[in-house]
Amino acid sequence: MKIFHYIISLFFQTLILIREFLYTGGVFKKKTYKTYIISIGNLMVGGTGKTPTTAYISHCLQQQNIKHVVVSRGYKKKGKGTFIVQNINSQHLNDPKIVGDEPVLLSKKLLGVPIVVDSNKQIAIKTAIHKFKPQIVLLDDAFQSHYINKDIDLVLINSSDDLAKYQLLPLGLLREPLSSLRRASLVLFINKNKENPKIKKYIQPFLQQYNIPTMNAITQSQLYQYNPRSKKLTIKKSNTKIKEPVMIVAAIADPKPLIKTIQHICSNIISEYYFHDHFAYNIKNKKVQKLLYDINQYKKHNAQIGIITTLKDYVKIEHLSILKDPVVNIYVLDIDIRIDKEEKFLNYIIPENILNNNQ
């Protein structure tokens, strides 16, 4: 089986290199925009922190009074066409089934920031520029989008990951070989929990070869609780401990950092429900039915129970009846990133003329 995967991996690499050559050689044309475009991407399938990084950059731009728009393809969305998830004044569309879970998640975190979704990123960018006239477009998950000329290609690498994953699909989880880092403007190593020193040691030679600058970021978690009266999330203190029995419910690419965080704040985890990334929580799904059945068993005894999930999952379970049940406490763990050298980071990714004009 491993030999078979190796052959597929070589074939996959060949296709990737041919595609890249066709764009760099000018056979396939790239679309160029007058508006400054920052791409937030990665090399690996799954979560490396693109969404919290997008939110972080957006918050920094807001502090600098820089007009910007977030553009996303809305991965796994069912809606077709262009969607304005959020404009400057209000949220327009918050159905994750139609526009995707991550754009809805971002609309919860980025009040007043326009968010545009389309499977065709070129159309989404055109719409965003025409409608909102931003100074900067933040383009989510676009490192592999060769057909768009980006001013900055920010590449995220999870420095807490397993080194075995750093092989090309299907041997590992890489979407393209590490040599593709030569296209990066800046590599951001994100420490999600405990840093694996082997990652940097393995990747640094590629970065040094192409003279790619690097910076470091860490993740921080914040706990919220759903308030059934206000129908909003309220922030909890950093030292909060959850005393009631808790069920973990999550559909994310890498739940390991989440589990470690939850173990520090919950002393009684009774069950864990993990679904594939971007899972839509269909009520007909057997695993979802099992989750609801287990909750009902506690309801029969009028016992208090907690459900702890991520913000990405929360935006998809709002429609489930469990949010309205008085014996169920809904807790939400959200992840933010922090960069120590923020000013240096901003100077890397934002041109001087835009920074100066907004100070």
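This is a predicted model: local features need pLDDT of at least 70, side-chain atom pairs count only at pLDDT 80 or more; totals for chains, interfaces and linings use all residues.
I will take strand β1 to begin with, residues 36-42. Seven of its seven residues are buried, so the strand is mostly covered. That holds on both faces. On one side sit Tyr36, Ile38, Ile40 and Asn42, and on the other Ile37, Ser39 and Gly41, and each of these is buried.

What does β1 pair with? One partner is strand β5, residues 136-140, in the parallel sense and over five bridges. If you want a place to look, Ile38 stands opposite Leu138 of β5. Strand β6, residues 152-158, also runs parallel to β1, and five bridges join the two. On that side, find Gly41, which has Val155 of β6 opposite.

Now the charged side chains. How many salt bridges does a search of the whole structure find? The count is 14. I will go through some of them.

Take Arg175 and Asp141, whose side chains meet at 2.8 Å, N to O. Arg175 belongs to the loop between β6 and β7, and Asp141 to the loop between β5 and β6, so this pair ties together parts of the chain 34 residues apart in sequence. Is Asp141 buried or exposed? Its relative accessible area is 11%, and under 20% counts as buried, so Asp141 is buried.

The next pair is Lys150 with Asp153, where the closest N and O atoms are 3.7 Å apart. Both partners are buried: Lys150 has a relative accessible area of 16%, and Asp153 has 9%.

Then there is Asp277 with Lys312, a salt bridge of 2.7 Å, N to O. This one links distant parts of the chain, 35 residues apart: Asp277 is in the loop between β11 and α8, and Lys312 is in helix α9, residues 311-317. Here the two partners fall into separate classes. Asp277, at 22% relative accessibility, counts as partly exposed, whereas Lys312, at 12%, counts as buried.

Which residues does it link? They are Glu20, Glu176, Arg182 and Arg183, joined by salt bridges.

To go back over the main points: β1 is mostly covered, it pairs in the parallel sense with β5, and it runs parallel to β6 as well.

Methods. Residues are numbered from 1 along each chain as its sequence is written. Side-chain values use heavy atoms; hydrogens and water are left out. Buried means under 20% relative accessible area, exposed over 50%, partly exposed in between (1.4 Å probe, protein chains only). Helices (H or I, at least four residues) and strands (E, at least two) are DSSP runs, numbered from the N terminus. Two strands pair if DSSP finds at least two bridges between them. A salt bridge is a side-chain nitrogen of Lys or Arg within 4 Å of a carboxyl oxygen of Asp or Glu.
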